[in-house]
Amino acid sequence: MKQRITYLLKNAHEQGGVDPATLEVSKDSLKIPGLNGAKEWRITVGAKELPQEIWQVLKLSHELHIRWTSATPYDAISPLVSRTPPGLHVFFTPRKDASQDVLCPLLTNVFGRGISCHSVKESFSTPPILSERFAMSASHQYYQSLPDLHDLIVYLQHKVCSAENTVCKDQIAQLSKAASLDLDYDTISHALQITTTWARSPVGPTWSEVIRLRSKSDSVEVGVLNPEKPTEPEELSLGGFLTVLGEDDKPSATLFSFPARHHPLPIEDTTAFKTSFQQPSGLHPTLQLSFREESLKPPSPSCSLHTYLTLPSTVFLDRYQLSDPLFLASNNLLSLRSLSGESDLEAPAWVIKKWGSASLFELKSPRDYYDDDLSASASTEDQNKAGDWNVTIPLHLRYLDPSGGENMTSTSQPGKRTTKIPWPAVFWACEAEEGLKMGVNPFDRVNLGYDGLFGPKTMFYHVPPARVGGEHGELYEKLEAPVLDLQKSRYVEAGSAFVVVMGFAWVAWVLLRGTFGRKVDEGKKKI
């Protein structure tokens, strides 16, 4: 088993970096002093070290990529800046002639009974490939709202830790405070790579811990790095100290740069976005993304603003409505670049089997607004209110099952259901120079759902979500949908039955009266 643990310091230059003398190195351990910053822990596990039930699924997979992102807002530190909508994302390509019915039971067993996955054929969608040159796109996609990793923590503590090993259980319990979790497997490596990131220490204000080498066959590399100013705009730069446990007796200084696919916004750029629903929402809710207009500027002239949405099956987009240029302009949208998954315009929620839909929009920015000849018609009703730049995306609610549904939570209000819509990912997509080798980035992150819709040399400058509700806020928007109130429906049923019976009686009476009257008339004629 290989481990790579990286601490990325926050405000390192203001604090003067880290003193290597404070990193206490022994024969098989490294003591970390109080470090303020983020942490990435990457574990590479071979096939023989995996539980049998997991290996049985992996060996039938050509590639499997699982991405989980926390719903709690957090500050990302370079180079750990890539974002996905909060929840569980699964990207899967099965091997030819392999069974596709084994993945969903494993997901349910590992991540909990809340996973609404029946089979790959029924529950997964097929994402489009807009760029044929980009080879890192799985053939199937799945999403599920998953606010925490409680069931995964219980599963790992049972499978990995012995009953008396409290240290192991405590380490796994730290997943409850993780910002993101990635699991990657492909047939080339035949190994499972698990990458976990924390925006800050889960047990205190700083990272104070001891990292130990568990066995001689393990490999553990520890880095304490500071983000440095890169020499090229396409690159990220890191400097600090590296230590290989069991081999080094002191930390080794390092400074390196690499081309990066994902970038933070420039230091002077304070752009953030908020997500909300325009009220009243009704059966045709409108999702609104709000930015501060004065700060919404592209990192370079070649960049365009995009948003990537993952919508549960309770709501859907109308691709025909979003094909009208004037309608798009009225919502500050440039185009619907991609839509996959469930988009049936008539189906109610209880007949939908797939998880939902994923969409990629290109957004109009203030630069586009002022340069567009259609700017007179390109403003929303409340555009530029209080200095905000608002982008609106029209959605449609499906008819929901009054008895409840797997994607909904119950509410105390009768006749209503609440569905949760994750905040989307928002980013600038920019052209990079030809010849850049993005794969040399040791922190590279691909298979996020939207990166496969762009060319391989695209750079993403991520716009962070605004902190709403403080540290305990949640990056989900709750949407109340009107449904049939079963407590009152019995009156409707009784009334409907009464009307039907009375209508039938009236029709029968009219028919009988007509028949009886006709016989009376015939009798009179005979007389």
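Trainee: How many bridges join strand 3 to strand 10, and do they run parallel or antiparallel?
Mentor: Five bridges join strand 3 (residues 29-35) to strand 10, and the two run antiparallel. Before we go on, this is a predicted model, where local features need pLDDT of at least 70 and side-chain atom pairs count only at pLDDT 80 or more, while totals for chains, interfaces and linings use all residues. Residues are numbered from 1 along each chain as its sequence is written, and side-chain values use heavy atoms, with hydrogens and water left out.

Trainee: What counts as a strand, and when do two of them pair?
Mentor: Helices (H or I, at least four residues) and strands (E, at least two) are DSSP runs, numbered from the N terminus. Two strands pair if DSSP finds at least two bridges between them.

Trainee: Which residue in strand 10 is the bridge partner of Ser29?
Mentor: Arg212 is.

Trainee: And which residues of strand 10 are on the covered face, and which on the uncovered one?
Mentor: Trp207, Glu209 and Ile211 make up the covered face of strand 10 (residues 207-212). Ser208, Val210 and Arg212 are on the uncovered face. In a regular strand, side chains alternate between the two faces of the sheet.

Trainee: OK, next: in what order do the strands of the ten-stranded sheet come?
Mentor: The order is 7-6-5-8-9-4-1-11-12-13, in an open sheet with mixed pairing. Strand 7 (140-144) and strand 13 (252-259) are the edge strands, each pairing on one side only. On average, neighbouring strands of this sheet are turned by 15° against each other, direction ignored.

Trainee: How are strand 1 and strand 11 joined?
Mentor: By seven bridges, with strand 1 (residues 2-9) and strand 11 (residues 219-228) running parallel. Gln3, for one, has Val220 in strand 11 as its bridge partner.

Trainee: Which strands does helix 3 lie across?
Mentor: Helix 3 (residues 103-111) lies across strand 5 (61-69) and strand 6 (87-94), at about 150° to strand 6. For these angles, axes are lines fitted to C-alpha atoms, for helices over the stretch in contact (heavy atoms within 4.5 Å), and angles run from 0 to 180 degrees between N-to-C directions.

Trainee: Switching to sulfur: how many disulfides are there?
Mentor: Three, taking a disulfide as a pair of cysteine sulfur atoms within 2.5 Å. Counting bonded cysteines along the chain, the pattern is 1-2, 3-4, 5-6.

Trainee: What about the one with Cys104?
Mentor: Cys104 and Cys117 form that disulfide, with their sulfur atoms 1.8 Å apart. Cys104 lies in helix 3 and Cys117 in the loop between helix 3 and helix 4 (120-123), so the pair ties together parts that are 13 residues apart in sequence.

Trainee: Is Cys104 buried or exposed?
Mentor: Buried, with a relative accessible area of 1%. Cys117 is buried too, at 8%. Buried means under 20% relative accessible area, exposed over 50%, and partly exposed in between (1.4 Å probe, protein chains only).

Trainee: Which cysteine does Cys161 join, and what is the handedness?
Mentor: Cys161 is joined to Cys168, S to S 1.9 Å. The torsion about their S-S bond is about -70°, so this disulfide is left-handed.

Trainee: And what about Cys303?
Mentor: Cys303 is joined to Cys430, S to S 1.9 Å. Here the torsion about the S-S bond is about 110°, so the disulfide is right-handed. This pair links distant parts of the chain, 127 residues apart: Cys303 is in the loop between strand 16 (286-292) and strand 17 (304-312), and Cys430 is in strand 25 (residues 425-431). Both Cys303 and Cys430 are buried.

Trainee: Now rings. How many aromatic pairs does a search of the whole structure find?
Mentor: It finds 15. Rings of Phe, Tyr and Trp (its six-membered ring) pair if their centres lie within 6.5 Å; planes under 30 degrees apart count as stacked, over 60 as edge-to-face and the rest as tilted. Phe258 and Phe443 have ring centres 6.4 Å apart and planes at 40°, so that pair is tilted.

Trainee: Which residues form the aromatic cluster?
Mentor: Tyr308, Phe427, Tyr450, Phe454 and Phe460 form one cluster.
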